Amino acid sequence: LWLACNGLFAWHHLKWHHEGVDTEVVVHIGCFVVVSTVLLSMAFAMVGVCRCLNTLIDTFCCEVVDEMLVTEVAHVWNLTQAVLRKASNAIEQCLLALGVVVGLVVP
């Protein structure tokens, strides 16, 4: 999808410039490719962090069911909640930044 988007963007710009390829068109296409790559990388990084947080919760639940004592559960859950809270605060700021940038870039 990313390749198709960049290809269509390049084709569209090259189609409307009948006199040939000039440096302005090449720079415009290059900037679009770089910006879209950065945005896609940020989105994939956030998806990776969210998947890790889901795995953390699943692991905790499996450990509780399998082998933990009730007295240990409260301490481990507090640690898990602290990790989730820190990571979610960081992800929240990244999602806000990504949303603002996408809102400014996409017309």
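**View A. Thr 80, a buried residue of helix 3 in the predicted model.** Thr 80 has a relative accessibility of 7% and therefore counts as buried, the limit being under 20%. The helix that carries Thr 80 spans residues 70–105. A polar atom of the Thr 80 side chain lies 2.8 Å from the backbone oxygen of Val 76. Leaving aside residues up to four places away in sequence, Thr 80 touches Leu 56 and Phe 60.

**View B. Cys 61 and the sulfur of Cys 62.** The structure holds 0 disulfides. Cys 61 is in no disulfide, and its nearest cysteine sulfur, that of Cys 62, is 6.9 Å away. With a relative accessible area of 39%, Cys 61 is partly exposed.

**View C. Cys 94 and the sulfur of Cys 50.** Cys 94 is likewise in no disulfide. For Cys 94 the nearest cysteine sulfur belongs to Cys 50, at 9.8 Å. The relative accessible area of Cys 94 is 33%, so this residue is classed as partly exposed.

**View D. The whole chain, as context for the close-ups.** The protein has 3 helices and 0 strands, and its elements run α-α-α from the N terminus on. Of the 107 residues in the protein, 16% are buried, and Thr 80 is one of the buried residues. Among contacts with a separation of 6 or more, 61% are between residues 24 or more positions apart. The accessible surface of the protein comes to about 8200 Å², and carbon and sulfur atoms account for 72% of this area.

Technical notes. Residues numbered from 1 in each chain as written. Predicted model: local features only at pLDDT ≥ 70, side-chain atom pairs only at ≥ 80, totals over all residues. Heavy atoms only, no water. Helix = DSSP H or I, 4+ residues; strand = E, 2+ residues; numbered from the N terminus. Buried < 20%, exposed > 50% of the residue type's maximum accessible area, 1.4 Å probe, protein only. Polar contact = N/O pair within 3.5 Å; in protein donor to acceptor, adjacent residues only side chain to side chain. Contact = heavy atoms within 4.5 Å. Areas by Shrake-Rupley, 256 points an atom, 1.4 Å probe, with all protein chains shown as cover. Disulfide = S-S within 2.5 Å.
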